[in-house]
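Let me put the structure up, and then I'll walk you through it.

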Amino acid sequence: MTTAILGGGLTGLTLARLLHERGTDVIVFEAEPDYGGLCRSISEKGFTFDTGGSHIIFSRDAEVLAFMRRMITGNEQRNNRNTKILYKGQFVKYPFENGLSDLPPDDRFFCINEFVRAQIAFETGSALHPENFREWIYYTFGKGIAECYMVPYNEKIWKYPADRMSLHWVEGRIPRPPIEDVIKSAVGIPTEGYTHQAVFSYPIHNGIESLIRAIAAPVEDRIRTGFSVRSLQKSKNRWLIRSRTEAVVADRCISTLPVQHLLSCIDNVPKAVQEACDSLIYNSLICVTLGISGPVPGFSWVYIPEASTGRTSRISFPSNYSPCAAPQGCSSVLAEITHRPGDEVSFMTDAELIGQVARTLEKMAIVKKSQIIYSRVHRQPFAYVVYDLDYQKNIRIIKEFCASVGIPLVGRFAQFEYLNMDGCIRSAMDFVSNLEKDTKAS
Ligand SMILES: Cc1cc2nc3c(=O)[nH]c(=O)nc-3n(C[C@H](O)[C@H](O)[C@H](O)COP(=O)(O)OP(=O)(O)OC[C@H]3O[C@@H](n4cnc5c(N)ncnc54)[C@H](O)[C@@H]3O)c2cc1C
């Protein structure tokens, strides 16, 4: 019984490892020359960068967190988060609602006053129930935090109007802050938000890819890189999996590919399913990685909501995650720019992007252009799922179709859900244990 796993990112590799541990013969098909997907890293001239955006290891899921930390045993750096939001030229503590005392007095008053009004409306039941993400932000945080940070930041990263986004995903992911914490933060008593992430892990050597390599180690010889799946056909209960030049047969097929890629491999996809798939919205990502001569501020990462500071939505400082991420006397910056596939940003040259980020950094007084001694741009076509108002309807149609043809979907762009690494590993673990239960039952 051979199980084919389509896609060699974190999800595919975790599935392969877990199935292999249970005695299943697996084979992973990965299109790129290297496996790892969004969790790849590159080391050049003494600098190490994650090429799919800055990654840190954290989770509320104790089992998954223990798994990830076990994978990087002996190579783990524990860090206290020191994250900021750039607001009117000042660095405000993150999360914004825990950093209100860093705001200019008028803005601090606006945020706290409106937060209290929203809280009263919530508690007395007089607030209108939110119907979209924008309304939910106002309902949860009040007009002040909404307009100073939440709406501009979210619209910058999602590249989509917040009032046309669904809110089904925010519960649990963006918690309603306790009123005591918000008031404390406004009067300058330190509080922490998102505490499950306040201390995070990062590999000392080789970036986030070292996590992937450790997961893949027992199945390394079962990974076929450079195999771009082009066609999937089922005949007599077996799958015929084809690339442009090869065909392989497997008994079972699990997809971790973006659903858009998966459907393009299947013949006779019904029109309604194809239309649902074409309607799904996602963002691509450009990572501008810079090696810096000299130090950078001791921040973990900085969110940049304001459009006037440039296209970058977040900059992180890998050399602050691990001392081995940059040569002695140097430091590093990773700037993330989200964009829609095929938009004007897609056509910007690497030099233009590097120039823009350098100007942003100078404007923020973080580094001078003359300090940049290394630069490279990485592009990821699939980076973020965008939950528009039709998302739930469309994804249901696609998932029902894939279930009907017998291809389970596991992973960030296969399930088409905003899953972090922990969510992908959880999905893989749950998939494998359900499979085990089904096998025992039959
Ligand atoms: C900017 C950014 C920052 C992030 N930061 C964090 C973080 O700090 N912490 C965290 O926990 N998570 C983070 N994540 C999320 C994390 O990267 C993902 O959850 C995870 O990498 C998804 O893994 P995956 O295997 O599901 O998908 P992918 O990594 O996308 O893997 C899919 C694989 O399928 C391959 N493929 C595609 N088409 C084909 C084909 N036709 N044939 C064969 N192979 C194909 C691709 O090449 C790829 O390798 C971040 C994500 C982004 C975008």
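Before I point at anything, a word on naming: helices (H or I, at least four residues) and strands (E, at least two) are DSSP runs, numbered from the N terminus. Take Lys159, which sits in the loop between H4 and H5. Now the housekeeping. What you see is a predicted model, where local features need pLDDT of at least 70 and side-chain atom pairs count only at pLDDT 80 or more, while totals for chains, interfaces and linings use all residues. Residues are numbered from 1 along each chain as its sequence is written, and side-chain values use heavy atoms, with hydrogens and water left out.

Back to Lys159. Its phi is near 55 degrees, a positive value in a residue other than glycine. For exposure, I call a residue buried under 20% relative accessible area, exposed over 50%, and partly exposed in between (1.4 Å probe, protein chains only). Lys159 comes out at 33% relative accessibility, so that makes it partly exposed. Asn237 also has a positive phi, near 65 degrees, and again it's a residue other than glycine. You'll find Asn237 in the loop between strand S10 (231-235) and strand S11 (238-242). With a relative accessible area of 64%, Asn237 is exposed.

One more backbone item while we're here. The peptide bond from Tyr94 to Pro95 is cis, with omega near -10 degrees. Pro95 belongs to the loop between strand S7 (90-93) and H3.

Which residues come closest to the ligand? Those are Thr11, Glu30, His55, Ile56 and Leu419, out of 35 residues that surround it; a residue is in that shell if one of its heavy atoms lies within 4 Å of the ligand. The shell splits into 17 nonpolar, 14 polar and four charged residues.

From a side chain, a polar atom of His261 lies 2.8 Å from a ligand nitrogen. Taken alone, the ligand exposes 1000 Å², and the protein buries 94% of that; those areas come from the Shrake-Rupley method with a 1.4 Å probe, and for residues only the protein chains shown count as cover. The elements giving two or more residues to the shell are helix H1 (10-21), strand S18 (372-386) and helix H12 (421-441).

Next, aromatics. Rings of Phe, Tyr and Trp (its six-membered ring) pair if their centres lie within 6.5 Å; planes under 30 degrees apart are stacked, over 60 edge-to-face, and the rest tilted. By that rule the count is 31 aromatic pairs. Phe133 and Trp169 have ring centres 5.0 Å apart and planes at 50 degrees, so that pair is tilted. The two are 36 residues apart and link distant parts of the chain, Phe133 in helix H4 (residues 133-158) and Trp169 in the loop between H4 and helix H5 (179-187). Buried or exposed, Phe133 and Trp169? Both are buried.

Then look at Tyr202 and Tyr321: the centres are 5.1 Å apart and the planes at 65 degrees, so this one is edge-to-face. Here the separation is 119 residues, with Tyr202 in strand S8 (residues 199-203) and Tyr321 in helix H9 (residues 318-321). Those two tyrosines are buried as well.

Last stop, Asn283, in strand S14 (residues 281-293). At 0% relative accessibility, Asn283 is buried. Its side chain makes a polar contact with the side chain of Arg340 at 2.8 Å and reaches the backbone oxygen of Trp158 at 2.9 Å. A polar contact here is a pair of N or O atoms within 3.5 Å; within protein, one must be able to donate a hydrogen and the other to accept it, and residues adjacent in sequence count only if both atoms are side-chain atoms.

Key. Ala, Val, Leu, Ile, Met, Phe, Trp, Tyr, Cys and Pro count as nonpolar, Asp, Glu, Lys and Arg as charged, and the others, Gly among them, as polar.
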